[in-house]
Structure formats: structure tokens, C-alpha cells
Amino acid sequence: TDRAVHWLSKDLTTGNVVERLSICEDFGLDMLREKILLQLTFNNKALSEISHSPKIMQYPRLMQHLLQMTAAAADDSKGKRQKKA
């Protein structure tokens, strides 16, 4: 399993991230999947590229999860800004 995790996380790009996330889901590599999703959530450029990719349409659950994580991150940052004011 460690070798698979290492291989899947190596040379990760916006061009292959959708397939790798799908592989993580298929094989129950939840920790790696969550780490990748978290990184995408806070990388607007990568998130934009992936959301405009036709590949994402083949994975509606992944698209939903990305949307939920992005919305949660936006809520968190909004709450922090309101506390500062």
C-alpha cells in the first residue's frame, strides 16, 4: 500500500489528478485522497483547471466532494474575516 500511495502522489498534475483521485477511491486510499483534495481546495488555479476539464464530468461524486470542500473552506475564511472586523 505504501508503494501505491507513493506512486500515486508522485508527479501529480492537474492533467492526472482526476484519475488518481478515482484510483484512491477505488482502492480505499482515503488519507491520500483527502490530502490531494485539501490541496486542490486551496489552489484556485488548479481547481479552476480541473473544474473546466471534461474528465471531471465522468466523476460526479468527486465533483460533489470538491464543491463541498471548497464551500467549507470559503465559509471558514469568511468566519475568520468577520472575527477580525
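Helices (H or I, at least four residues) and strands (E, at least two) are DSSP runs, numbered from the N terminus.

**View 1. Overall fold of the predicted protein chain.** Read along the sequence, the pattern is α-α-α-α-α, with 5 helices and 0 strands in the protein chain. Of the 85 residues, 28% are buried, where buried means under 20% relative accessible area, exposed over 50% and partly exposed in between (1.4 Å probe, protein chains only). Contacts (heavy atoms within 4.5 Å) between residues at least 6 apart in sequence join residues at least 24 apart in 52% of cases. The protein chain exposes about 6,300 Å², and carbon and sulfur atoms supply 56% of this area; accessible areas come from the Shrake-Rupley method with a 1.4 Å probe, and for residues only the protein chains shown count as cover.

**View 2. Isoleucine 23 in helix H2, residues 17-26.** Isoleucine 23 counts as partly exposed, because its relative accessibility is 30%. Alanine 4 is 19 residues from isoleucine 23 in sequence, and their C-alpha atoms are 10.0 Å apart in space.

Residues are numbered from 1 along each chain as its sequence is written, and side-chain values use heavy atoms, with hydrogens and water left out. In this predicted model, local features need pLDDT of at least 70 and side-chain atom pairs count only at pLDDT 80 or more, while totals for chains, interfaces and linings use all residues.
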